[in-house]
Amino acid sequence: MIHVFTSAAPNYIGKVRVLCESIREFLPSAEVHWLVADEDRPELVRALDREPFDKIVFASDLQASRDRSWLFQYTVVELATVLKPAAAHQLLRLPDCEMVLYFDPDIVLFSALEDLLEQLAESTLVLTPHQLRPEADPGAVFHELDSLRYGVFNLGFFGVRQCDEAHRFLDWWDNRCMTNCSGDWTAGVFTDQKWLNFAPVFFDGVTILRNSRFNVAPWNISQRELRGSFDEGFTVDGEPLGFYHFTGFDSGAHVEHMAALGGQSRTAEMLVDWYSLRSEVLSEDAPSDWKLGFYGDGLPVDDLHRRAYRLRPDVREAFPDPYSVSEESACFRHWFDNHARVEMPAIFKDEEDTHG
């Protein structure tokens, strides 16, 4: 059995549905799981029989993340990524599991993946790099610089096969993510992703997928010939488009990148227009909030609060449930408002430098 999963907060349900619809079409025999980067949402479970995914796992269901003190330390992006190794390992331990595939929620499959599965069947782990060859235009070297900052491999996709080496790999990756899964690349890592630079060195059987039909995205589309339509199908360098990564869609970065190409890829523009409409339609009943994004009294948790809490073990010990709020001094938010700027001035300076 092939088990496939994605990881996202509840408000991403529209994108999750688009991805899972495509998995249903092109990997029909797979069991599809959504790792919800939030606490239990009963309304999502109640509607499961009408969804294109089979099962839901909540962040709070995983052993490592049942502690609210631990959950508080991560932004929504960091939480969705730090849990990926543990979730993959949980699926790989299932008695019927032969392979586990992961796709980011903003990916869509456009054709069958038999060639990918054949390579994974002979490997421990398969990965896709951000770039497949050097940039021809020296002015476009920023794509390579981004890979040096964020990681050589794009962890919007990975696959592992049932074998001892895969379990060893997931043990290591999970441990490293628990050590540091910061979204700040200046800290030397970038969420779960940059750790995988070590994978081909530390582990046997790591296959790097160099086929341009996989993981087409803004950082590589200038090097790939994308053609076709929904009627005739899409191709990349003459082969069927495997999966396309609509990364940076909500921020507008994806569309901006397409515009920067100066109309070089009308096919990509067509895909962007379709994805915008389809994901919007499937988001109509999306939960409007992220439970872990709010204190007990309903006020939002600032990312700076999370960073301060993560950096201070003594504060974590003093306030084991940072979401709890009281009018007295015995709560984390009161400590932050009254002591953090004096005791941790550096994080405020970093924030001011970042935002000008």
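**Entry: model.** I worked from a predicted model.

**Entry: cores.** I looked up the largest nonpolar core and found 59 residues in it. Leu79, Phe158, Phe169 and Trp173 have the most contacts inside this core. I then checked which element supplies the largest share, and it is helix α8 (residues 164-179), with six residues.

**Entry: Phe169.** I listed what Phe169 touches, leaving aside its neighbours within four places in sequence. Phe169 is in contact with Leu125, Val160, Leu196, Ala199 and Phe203.

**Entry: cavity.** I counted one cavity of 30 Å³ or more. The largest cavity has a volume of about 50 Å³. Its lining consists of Phe5, His33, Trp34, Leu35, Val57, Leu62, Ala87, Gln90 and Leu91. Strand β2 (31-36) and helix α5 (84-92) are the elements that each give two or more residues to this lining. By type, I found seven nonpolar residues, two polar and no charged.

Entry: I read a volume of about 1,200 Å³ for the largest pocket. Its lining has 42 residues, and Asp104, Asp106, Phe190, Thr247 and Gly248 lie nearest the centre. Two or more lining residues come from each of β1 (2-8), α4 (76-82), α7 (142-150), β7 (153-161) and α10 (253-260). I looked up which element gives the most, and it is α7, with five residues. The lining of the largest pocket divides into 18 nonpolar, 18 polar and six charged residues.

Conventions:
Residues numbered from 1 in each chain as written. Predicted model: local features only at pLDDT ≥ 70, side-chain atom pairs only at ≥ 80, totals over all residues. Heavy atoms only, no water. Core = buried A, V, L, I, M, F, W, Y, C linked by side-chain atoms within 4.5 Å. Buried < 20%, exposed > 50% of the residue type's maximum accessible area, 1.4 Å probe, protein only. Helix = DSSP H or I, 4+ residues; strand = E, 2+ residues; numbered from the N terminus. Contact = heavy atoms within 4.5 Å. 1 Å grid on protein atoms, 1.4 Å probe; cavity = no way out; pocket = protein on both sides within 12 Å on 5 of 7 lines; lining within 4 Å. Points joined across faces, edges and corners; volume = space filled by probe spheres on them. Nonpolar A, V, L, I, M, F, W, Y, C, P; charged D, E, K, R; others polar.
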